[in-house]
Structure formats: C-alpha cells, structure tokens
Amino acid sequence: MQLVVARIGRAHGIKGEVTVEVRTDEPELRLAPGAVLATAPSAVGPLTIATGRVHSGRLLLRFEGVADRTAAEALRNTLLIAEVDPEELPEDPEEFYDHQLIDLDVVTRDGTAVGRISEVSHLPYQDLLIVARPDGSEVMIPFVSEIVPEIDLEEQRAVIDPPPGLLDEAQAEIASAREDS
C-alpha cells in the first residue's frame with residue numbers, strides 16, 4: 001500500500017537541497033538516506049534520498065541525481081510516496097495510518113451513531129476526521145484525544161465525546177458575549 005509521506009517545497013541553496021512538508025509521524029524511518037520513494041506526478045520519480053538534515057526547524061532533503069538549484073526547483077510540489085505493508089502499525093499505539101481510520105464507524109460515548117469516517121484531512125496544527133453522516137451531510141471532527149478518546153480497530157469504530165455544537169449547531173454554547181451598554 002502507498003502512503004504520502006511528504007511534499008517537496010522550495011529549493012534551498014545551490015546544491016540541490018529542497019525543503020519538505022513532512023506528512024508522516026515517522027520521518028526518521030520513511031525519509032532516511034537511501035529510501036527510494038515513488039512520486040506524484042509519477043514521471044518525476046522514483047527518487048532516492050541522498051542526504052537529510054534539519055535546518056531552522058525544517059527538514060531539508062537532497063536526492064540522488066539532483067545536483068543544483070534548477071533541478072531541485074523542478075521538483076517543487078511533488079508528493080513523496082512510500083510503499084508500506086498494510087499490516088504494519090505505527091510504533092506508538094496512539095498513532096494510526098489513514099487507511100486504518102477510513103470506514104470506521106463513529107459513535108458517541110453513549111453509543112449514538114454519528115456516521116462513518118470518509119477521509120482524514122491533515123492540517124498544519126491538527127488532523128480532522130471527515131465523517132459522512134447517514135443523511136448525506138459531513139461533519140469535521142478534530143482528531144484530538146479530548147474529542148476522540150478511543151479508536152477500536154478490532155470493533156472498527158471511533159468513539160467521540162463531542163463538545164456542544166460540534167454535531168448540532170443548535171446545541172452550541174456561547175463562550176462569552178459582549179455586554180450591550
């Protein structure tokens with residue numbers, strides 16, 4: 001099975017390095033020197049990582065055969081894709097691959113059915129579970145432990161504890177309001 005593990009950003013310097021937007025919780029495993037990664041678009045790859053280093057909080061990679069800034073800039077916005085055994089699990093038991101979460105039933109703590117996870121959206125500050133509801137609508141659930149306290153892969157379900165208003169806007173609570181003078 002293939003997983004997107006990074007997106008190539010801007011060229012860095014003149015020797016073919018690029019910045020990467022990491023999309024894996026295991027960059028030391030997936031983006032290590034020697035790793036061969038498929039690409040999207042596929043015509044660009046496969047790419048073999050020659051070196052990697054962190055500079056000012058960003059991961060910089062250099063690929064074999066990419067020796068200058070022009071060649072590095074041509075890779076911009078390319079997705080890096082790793083081949084992963086579908087049975088492989090992340091090292092941390094609190095982490096999950098997207099394919100493990102897709103199609104899980106979503107229920108509240110009291111067992112009320114909410115829907116089924118149709119997508120996992122990776123945003124800069126947190127991930128969102130996109131849940132398809134039986135009525136055809138969607139709800140976005142922040143994938144944080146306070147709201148999603150349990151993922152049960154054996155039972156194929158995600159248990160959520162939604163704050164008021166997450167599932168039904170009519171139940172939303174106003175945290176503060178201005179006093180009219």
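1. Arg 157 is partly exposed, with a relative accessibility of 31%. Arg 157 forms a salt bridge with Glu 150, at 3.6 Å from N to O. Glu 150 also has 31% relative accessibility and is partly exposed. A salt bridge here puts a side-chain nitrogen of Lys or Arg within 4 Å of a carboxyl oxygen of Asp or Glu.

2. A word on the basis. This is a predicted model, in which local features need pLDDT of at least 70 and side-chain atom pairs count only at pLDDT 80 or more, while totals for chains, interfaces and linings use all residues. Residues are numbered from 1 along each chain as its sequence is written, and side-chain values use heavy atoms, with hydrogens and water left out.

3. Now the overall picture. The protein has 3 helices and 12 strands. These are DSSP runs numbered from the N terminus: helices are H or I with at least four residues, strands are E with at least two. Of the 181 residues, 34% are buried. The accessible surface is about 11,300 Å², and carbon and sulfur atoms supply 48% of it. That area comes from the Shrake-Rupley method with a 1.4 Å probe; for residues, only the protein chains shown count as cover.

4. Contacts come next, meaning heavy atoms within 4.5 Å. Take those between residues at least 6 apart in sequence: 47% of them join residues at least 24 apart.

5. Back to charged pairs. Side chains of opposite charge can pair when their charged atoms come close. The salt bridge count is 6. One of the pairs is Asp 161 with Arg 109, at 3.4 Å from N to O. This pair links distant parts of the chain, 52 residues apart. Asp 161 sits in the segment after β12 (157-160), and Arg 109 in the loop between β7 (105-108) and β8 (113-122). Asp 161 is partly exposed at 36%, whereas Arg 109 is exposed at 58%.

6. Glu 73 and Arg 76 make another salt bridge, with the closest N and O atoms 3.0 Å apart. Glu 73 is partly exposed, at 30% relative accessibility. Arg 76 is partly exposed too, with a relative accessible area of 39%.

7. Strand β3 covers residues 36-40, and its side chains alternate. Leu 37 and Thr 39 point to one face and are buried.

8. Which strands pair with β3? Strand β4 (residues 47-55) does, antiparallel, over 2 bridges. Strand β6 (residues 79-83) does as well, antiparallel, over 3 bridges. Pairing requires at least two DSSP bridges between the strands. Val 36 stands opposite Thr 48 in β4. Thr 39 has Leu 80 of β6 as its bridge partner. A hairpin of 6 residues connects β3 to β4.

9. Last, Pro 27, which lies in helix α1 (residues 27-30). Pro 27 is partly exposed, with a relative accessible area of 26%. Beyond its neighbours within four places in sequence, Pro 27 is in contact with Val 22 and Ala 32. Val 5 is 22 residues from Pro 27 in sequence and 7.7 Å from it in space, C-alpha to C-alpha.

Technical notes. Buried means under 20% relative accessible area, exposed over 50%, partly exposed in between (1.4 Å probe, protein chains only).
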